[in-house]
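I am keeping notes on a single chain, entry by entry.

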Amino acid sequence: MTARHGRWLLGLLLLLGLGATPAREIDLVVIHATGGPGCKAGRLWHSGGGTLESNRRHFARNPGIGYHYLIGRDGTTVAGTPVAEVAHHARGHNARSVGIELVNDGDGRDPFPEVQIQALIALLRPLLVAHDLTPAQIRGHGELDTRSFVCGGRRYKSKVDPGGAYPGFEGNFPWSRVREALAR
């Protein structure tokens, strides 16, 4: 191995949180979208997903929530909390999971750009190998968080991300494509 390849490998290991820091047991990867539903003046609304930079600022201002990775619409991937540490991203599942945020409205209709999905797959491949996980151990935040809220007299699911069913929409996250790409 050349020095250049060694530096690249060390950089990859550190990005994945597999450096000298003590490891924690990981058995789940949770995919999120940065947008989500809410209620304003008794009407259901959906906050937009923002930009990579606006989300980085949001997480920096709110240290009680976190992510391990954030992937922009253009595929740019940034690391947040090191994987060896707990990030607070999915209530009840933080201690043993890795959280990946995708910049997206998460409303089931905002498209996930191809470059963003390819970046997600490229990030997931070494994570699955490093933690001995299968594609079935990748879940959406909306699958895990069962909280809900009442708005306008109706009850709605609080978390539908990354792109799950939302009133009027079936959901659009390409789960089968991601899992098939990782199964190869």
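**Entry 1. A bridge to start from.**
I began with Leu28 and found that its bridge partner in strand 6 is Ser97. Before going further I noted that the model is a predicted one. The two strands involved are strand 1, residues 28–33, and strand 6, residues 97–102, and they pair in the parallel sense over 6 bridges. I then looked up Val29, whose bridge partner in strand 6 is Val98. Val29 also has a bridge partner in strand 7, namely Ile138. Strand 1 and strand 7 pair over 3 bridges, in the parallel sense.

In what order do the 5 strands of the open sheet run? I read the order as 5-4-6-1-7, with mixed pairing. The edges are strand 5 (77–79) and strand 7 (138–140), each of which pairs on one side only. From one strand to the next the twist averages 25°.

**Entry 2. Cover on strand 1.**
How many of the residues of strand 1 are buried? I got 6 of 6, so I put the strand down as mostly covered, with relative accessible area under 20% as the cut-off for buried. Next I sorted the side chains by direction. Leu28, Val30 and His32 point one way, Val29, Ile31 and Ala33 point the other way, and all are buried.

Helix 2, residues 52–61, lies across strand 4 (69–71), strand 5 and strand 6. The angle of helix 2 to strand 4 is about 155°.

**Entry 3. The two sides of helix 2.**
Which residues of helix 2 are buried? I listed Leu52, Asn55 and Phe59. Seen down the axis, the buried residues of helix 2 fall within an arc of 65°, so they line one face. As a reminder, an α-helix has 3.6 residues a turn, so residues three or four places apart point the same way. The buried residues of helix 2 pack against strand 4, strand 5 and strand 6. On the face turned away from this buried side I found Ala60 and Arg61, which are exposed.

**Entry 4. His68.**
I followed the chain out of helix 2 to His68, which lies in the loop between that helix and strand 4. Is His68 buried or exposed? His68 counts as buried because its relative accessibility is 1%, against a cut-off of 20%. I also checked its side chain and found a polar contact of 3.1 Å with the side chain of Arg24.

**Entry 5. Backbone in the loops.**
I went through the loops for backbone features. Ala41 sits in the loop between strand 2 (36–40) and strand 3 (43–47). Its phi is near 50°, a positive value in a residue other than glycine. Ala41 counts as exposed because its relative accessibility is 86%, where exposed means over 50%.

Asp132 is in the loop between helix 3 and strand 7. Asp132 is not a glycine either, yet has a positive phi of about 55°. With 70% relative accessibility, Asp132 counts as exposed.

Which peptide bond did I write down as cis? The one from Asp161 to Pro162, with omega near 20°. Pro162 is found in the loop between strand 9 (154–157) and helix 5 (175–183).

**Entry 6. Whole chain.**
Last, I took the totals. The chain has 5 helices and 9 strands. From the N terminus on, I wrote the elements down as α-β-β-β-α-β-β-β-α-β-α-β-β-α. Of the 184 residues in the chain, 44% are buried. Among contacts with a separation of 6 or more, 67% join residues 24 or more positions apart. The accessible surface of the chain is about 9,700 Å², and carbon and sulfur atoms account for 55% of that surface.

Terms used
Residues numbered from 1 in each chain as written. Predicted model: local features only at pLDDT ≥ 70, side-chain atom pairs only at ≥ 80, totals over all residues. Heavy atoms only, no water. Helix = DSSP H or I, 4+ residues; strand = E, 2+ residues; numbered from the N terminus. Buried < 20%, exposed > 50% of the residue type's maximum accessible area, 1.4 Å probe, protein only. Contact = heavy atoms within 4.5 Å. Areas by Shrake-Rupley, 256 points an atom, 1.4 Å probe, with all protein chains shown as cover. Pairing = 2+ DSSP bridges. Axes fitted to C-alpha atoms, helices over the stretch in contact; angles between N-to-C directions. Polar contact = N/O pair within 3.5 Å; in protein donor to acceptor, adjacent residues only side chain to side chain. Arc of directions from axis to C-beta.
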